[in-house]
Amino acid sequence: MNKGKLSGITIFMYGLSILLLLFTIYRLYGAMTYISSLVTEQSFVISENIRDVISYYYEQCASPFLFSVIIYVLGEMNEKLKHLLLKKGQLNPESELNNEQSSLK
């Protein structure tokens, strides 16, 4: 197995992390449009209600962003652990190749 090749679970984690990051951007855009609609329609003053505005942004965007970071870090840890086990010889590099070939049959 090449050092540069990523395992399937790591690729899945990176992809999921990117999707969650895109979802965070979508939620951020939705929060911005909601706050701007409040300002234009109901004469909402942001400077007087800054705590509520920050709280709303936090509620909308914090959890998907944190999950994205956590899943990315888990993917990195998976790769580091795989390389560490390959160095120690506890993981057979041919085992993943054999499993992939047998699943194709």
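**Close-up views of a predicted helical chain**

View 1. Lysine 82 belongs to helix α2, which covers residues 50-88. Is lysine 82 buried or exposed? Its relative accessibility is 6%, and buried means under 20%, so lysine 82 counts as buried.

**View 2. The whole chain, for orientation.** Before we zoom in again, here is the overall layout. The chain holds 3 helices and 0 strands, and its elements follow the order α-α-α from the N terminus. Of its 105 residues, 19% count as buried. If you take the contacts between residues at least 6 apart in sequence, 77% of them join residues at least 24 apart.

**View 3. Helices α1 and α2 side by side.** Helix α1 (residues 8-42) packs with α2 at an angle of about 170°, and the two axes are 8 Å apart. Angles over 145 degrees count as roughly antiparallel, so α1 is roughly antiparallel to α2. Sorted by class, the residues in the contact of α1 with α2 are 22 nonpolar, 7 polar and 4 charged.

**View 4. Helix α1 from end to end.** How far apart are the end C-alpha atoms of α1? They are 50 Å apart, which agrees with the 51 Å that 35 residues should span at 1.5 Å a residue.

**View 5. The buried residues of α1.** Look along α1 for Thr10, Met13, Tyr14, Ser17, Leu20, Thr24, Ala31, Ile35 and Leu38, which are buried. What do the buried residues of α1 pack against? Their packing partner is α2. As a handy reminder for reading this view, an α-helix has 3.6 residues a turn, so residues three or four places apart point the same way.

View 6. Proline 64 is found in helix α2. With a relative accessibility of 5%, proline 64 counts as buried. Which residues does proline 64 touch, leaving aside those up to four places away in sequence? They are Leu20, Phe23 and Thr24. Leu20 and Thr24 are also among the buried residues of α1. Proline 64 and threonine 24 lie 40 residues apart in sequence, yet their C-alpha atoms are 5.7 Å apart in space.

How values were computed: Residues are numbered from 1 along each chain as its sequence is written. This is a predicted model: local features need pLDDT of at least 70, side-chain atom pairs count only at pLDDT 80 or more; totals for chains, interfaces and linings use all residues. Side-chain values use heavy atoms; hydrogens and water are left out. Helices (H or I, at least four residues) and strands (E, at least two) are DSSP runs, numbered from the N terminus. Buried means under 20% relative accessible area, exposed over 50%, partly exposed in between (1.4 Å probe, protein chains only). Axes are lines fitted to C-alpha atoms, for helices over the stretch in contact, and angles run from 0 to 180 degrees between N-to-C directions. Angles under 35 degrees count as roughly parallel, over 145 as roughly antiparallel, 65 to 115 as roughly perpendicular and the rest as oblique. Ala, Val, Leu, Ile, Met, Phe, Trp, Tyr, Cys and Pro count as nonpolar, Asp, Glu, Lys and Arg as charged, and the others, Gly among them, as polar. The expected span of a helix is 1.5 Å times one less than its number of residues. Contact means heavy atoms within 4.5 Å.
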